[in-house]
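Please read the following report alongside the sequence and the three-dimensional view.

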Amino acid sequence: MTAKLTIADYPLAETRSDKIRGQRGRSLDDITLDAVVAGGVTMEDLRITPQALADQAEISRAAGRPTLALNFERAAELVGVPQDFIMSSYEMLRPGRAKSKEQLLDVAKAFRQTYKAELMAEFIEEAAAIYERRGLFTYRF
Amino acid sequence: MTETPNRWRRYAQWDARPLRLDKFAAEDAAHGFSAFTSPADPKPGVSIKSGKIAGMDGVLAHDFDMIDEFIARHHLDPTIAPEAMAMESGDVARMLVDMNVPREQLVRLAHGMTPAKLADVVSRLNALEIAFAYSKMRARKTPGNQAHVTNAKDDPLQLAADAATAVAFGFDEIETTMRVSRNAWSNAVACAVGSAVGRWGTLFQCSSEEAEELRIGMAGFTSYAETVSVYGTEKTFIDGDDTPWSKAFLAAGYASRGIKMRCTSGAGSELLMGFHESKSLLYLEARCLCLQRGMGAQGTQNGGIDGAPLTATIPGGIRELMAENLLAVWLDLECASGNDARSTESEIRVGAKILPFLISGSDLICSGFGSILAYDNSFNPSLLNGEEMEDFLVLQRDFEADGGLTPLPEERALDLRSRAVEAISAVFEELGLSKPTADMKQSVVVASGSDETRSYTPRDVAKISEAIKEREITVIEVIKALVKRGFAEEAQNLLNLVKLRVTGDYLQTSAMVRKGKVVSAVNDPNTYLGPGTGYRVSEERRLELNSIRDVLDQKEVLRQEALHEKDEAKRIQYRVKGPAGQGSDKKEVVIGISPAFGLNLFQTTAGHRLSDVLKGMIEAIEKRGLKARVVRFRHTADTSFLGISAATLSGSGIGIGIQAKGTAVIHSRDRLPHNNLELFSNAPITKLEHYKGFGANAAAYALGEMPEPVVVPTRGEAMGSRYHARVALIYAIETGLTAEGAAPEDIEVKFTGAKS
């Protein structure tokens with residue numbers, strides 16, 4: 001196991017610009033204006049990776065910010081989740097959108113099974129239990 | 001105006017001041033109008049059973065509402081809580097203002113404190129202590145600032161120009177929003193392009209509907225978001241159409257797209273939304289902030305954002321806004337510290353509101369300084385708007401405090417605006433979105449606000465915006481368009497900004513970009529431990545802060561005087577006749593002129609030619625059948641001594657002393673130097689008529705009469721602020737020409753009669 005990152009490794013753009021990769025494996029140094037003009041750069045090259053978020057989580061934890069680190073870890077799980085599913089899941093978490101606890105648990109299940117997003121699945125399950133206790137599965141509009 | 005009997009009319013004058021447009025509310029805790037404490041606020045407390053929070057602030061776990069539940073699970077650290085909660089609040093308050101207690105120690109304790117405890121601690125600090133603690137506790141060392149860039153027409157040309165201007169002033173972030181929500185995409189592209197002009201690194205957000213905002217971010221146009229609002233009561237949260245979990249989900253969503261995010265909260269929102277539970281503003285905000293830390297948000301925008309105007313109506317409201325900003329930084333959150341919605345019509349209250357933040361510094365001093373004119377601010381007018389930009393720049397210079405901004409030379413502003421308008425026009429043309437005319441462009445470049453432009457209307461913009469959205473245009477296409485049309489520098493700047501999201505360095509707490517590098521609480525932590533530590537304005541930065549426009553120095557004063565030298569030479573000739581002796585003619589009034597009078601200096605501070613002033617006085621003296629003798633003194637430049645010296649030489653015993661800047665005195669030989677007969681001390685408002693009257697009165701005194709003194713009416717102008725810098729420089733020229741014991745000289749004055 002490699003040593004955890006510390007605040008000395010920050011910012012990654014300066015300490016390891018050659019190692020950081022976008023989603024299609026292109027390194028930061030390769031994303032140049034010439035490459036954009038040549039048509040070789042897509043938005044996918046400009047997207048953060050789960051690895052970068054995991055790295056930032058380690059740095060946050062080293063800086064004494066465990067809750068920020070957890071957010072980055074949940075985010076890392078969402079990187080590969082399609083935008084539409086993210087938006088529909090967000091919608092289901094809003095008050096009264098899910099009409100029952102089961103509906104929300106189904107969302108959690110999809111995160112766990114389809115996207116291997118264990119942290120986010122647990123987070124939504126936690127929400128489902130509390131929404132039930134606080135009566136949020138109710139008519140709103 | 002009708003007379004109101006039995007009223008001190010001062011009240012009527014007070015009624016007319018802008019302050020009285022502000023309305024003030026009585027303290028009324030039961031109805032939510034209480035800043036710091038309310039009988040309904042819980043007593044701080046925590047109970048822990050088998051490592052879990054079993055009760056908090058007087059509520060048992062099974063009765064927790066959503067907010068309690070989230071805070072108990074995600075904010076409160078049960079390993080720290082017993083120690084932190086057991087500490088006496090007064091002791092912790094003292095630690096916050098003790099420069100010897102490191103920030104980290106207090107941040108750690110905050111992880112174990114409940115909302116009621118945090119509120120109890122900061123409520124013990126007075127305003128000065130809060131500002132000091134804020135300065136010590138804020139997360140990042142270097143202060144920054146954020147601007148609003150919007151306009152009343154959603155005109156993209158103006159947005160680009162104004163974004164470029166805001167960037168040049170030094171804002172670290174700019175935020176836009178729309179009058180018409182469909183225009184979001186056009187606004188985003190325009191601001192993204194405009195903010196890439198001149199330099200790179202200013203982060204940009206487009207405040208719109210949550211889903212749309214995320215999509216705009218995904219297309220690469222924006223780099224941060226701060227619309228993730230949280231509230232301090234459950235019912236308000238639900239009316240806001242969210243829960244702590246849905247907001248936390250969104251926080252992770254933004255991070256997963258490499259977009260920086262902060263939450264928004266602040267006093268008054270629960271009160272405005274009708275579910276305040278009779279709790280104090282501070283306690284409710286403490287809940288919001290614990291929630292935000294629990295969610296894993298890197299930061300907050302708080303300090304009564306939309307609720308600031310309401311909070312400012314409540315006793316102690318402004319102190320409360322400061323206290324909630326302190327809570328944010330104590331909880332180790334980046335703080336965009338409000339100073340956003342304009343909370344008053346009183347300019348004095350505006351200045352007082354901003355000052356503590358300016359001198360203590362903040363991650364983002366304003367979470368929206370209106371860089372545009374107040375009427376163009378689509379969020380609502382800010383505390384400070386484009387109108388007041390220079391006031392803020394001067395405050396920075398006054399206090400040698402870094403408010404994140406730098407004065408912008410006029411020519412540079414025009415160049416940048418022009419470049420930005422050309423850049424966005426090129427992008428629109430290249431992408432087949434629109435082709436703005438030369439007149440549209442030129443009207444925007446020079447316009448201060450949208451009232452003056454002949455550019456796009458909101459309807460035109462809606463078409464452009466919908467095309468951007470439907471065609472799924474991304475920042476890549478915009479960068480290519482810029483390169484194709486010769487805007488390679490702007491293209492590179494924009495690319496640099498989008499590349500930030502690949503590493504996510506700017507997702508860390510309090511991140512901004514300075515000189516091409518990410519600077520955050522991780523690599524630029526605030527390590528304040530007393531004088532000489534923490535953020536200090538460097539000499540280089542101090543000179544930048546000083547560089548406001550139209551600054552006077554001696555060279556400038558002499559340059560201005562030289563413009564008048566030729567003009568005066570045509571009108572008056574001064575010829576030295578020889579040493580001035582004691583006069584014996586009872587019908588003589590001596591006019592004593594100062595060393596530089598008519599030689600180096602040629603006009604009074606009111607702008608009168610010295611030839612006209614002298615002529616006016618001499619004619620008035622002669623009109624009474626007396627003679628005026630002009631004597632130049634070189635042993636003094638002081639008005640009183642010029643006057644008494646003139647009177648002493650005068651055959652009548654009456655003399656006038658006058659300095660080149662126009663300050664004049666009538667003196668009598670038998671009086672003490674500083675006890676004159678009449679004095680014009682306010683030269684800048686002294687008119688030629690007054691000088692003529694002065695001559696007439698000097699003659700009258702010489703004839704043994706007692707005239708009505710000439711009074712120069714003042715309306716309370718701040719003469720010192722308007723003129724003293726110039727006066728001191730001019731006076732130094734006079735004193736520089738004095739010589740110890742130099743003898744007075746008779747001067748023959750000849751008026752040529754030339755007119756301009």
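Between which helices of chain B is Glu277(B) found? Glu277(B) is found in the loop between helix H13 (269-272) and helix H14 (281-295) of chain B, where helices are DSSP runs of H or I with at least four residues, numbered from the N terminus.

This is a predicted model, in which local features need pLDDT of at least 70 and side-chain atom pairs count only at pLDDT 80 or more, whereas totals for chains, interfaces and linings use all residues. Residues are numbered from 1 along each chain as its sequence is written, chains are lettered from A and ligands numbered from 1 in the order in which they are written, and side-chain values use heavy atoms, with hydrogens and water left out.

Most residues other than glycine have a negative phi, and most peptide bonds are trans. Glu277(B), a residue other than glycine, has a positive phi near 55 degrees. In chain A, the peptide bond from Tyr10(A) to Pro11(A) is cis, with omega near -5 degrees, and Pro11(A) lies in the segment before H1 of that chain.

Within chain B, the axes of helix H4 (residues 89-96) and helix H6 (residues 115-122) come within 8 Å and cross at roughly 65 degrees; such axes are lines fitted to C-alpha atoms over the stretch in contact, with angles running from 0 to 180 degrees between N-to-C directions. The contact (heavy atoms within 4.5 Å) involves Ser89(B), Val92(B), Ala93(B) and Leu96(B) from H4(B), together with Lys117(B), Asp120(B), Val121(B) and Val122(B) from H6(B).

| Item | Value |
|---|---|
| Residues from chain A in contact | 62 residues |
| Residues from chain B in contact | 69 residues |
| Area buried between chain A and chain B | about 5500 Å² |
| Salt bridges between chain A and chain B | 6 salt bridges |

Carbon and sulfur atoms give 62% of this buried area, which is the accessible area (1.4 Å probe) that two parts lose on being put together, summed over both. One salt bridge (a side-chain nitrogen of Lys or Arg within 4 Å of a carboxyl oxygen of Asp or Glu) joins Arg133(A) to Glu69(B), with the closest N and O atoms 2.5 Å apart. Among the helices of chain A that each supply at least two residues of the side touching chain B are helix H3 (50-62) and helix H7 (118-133).
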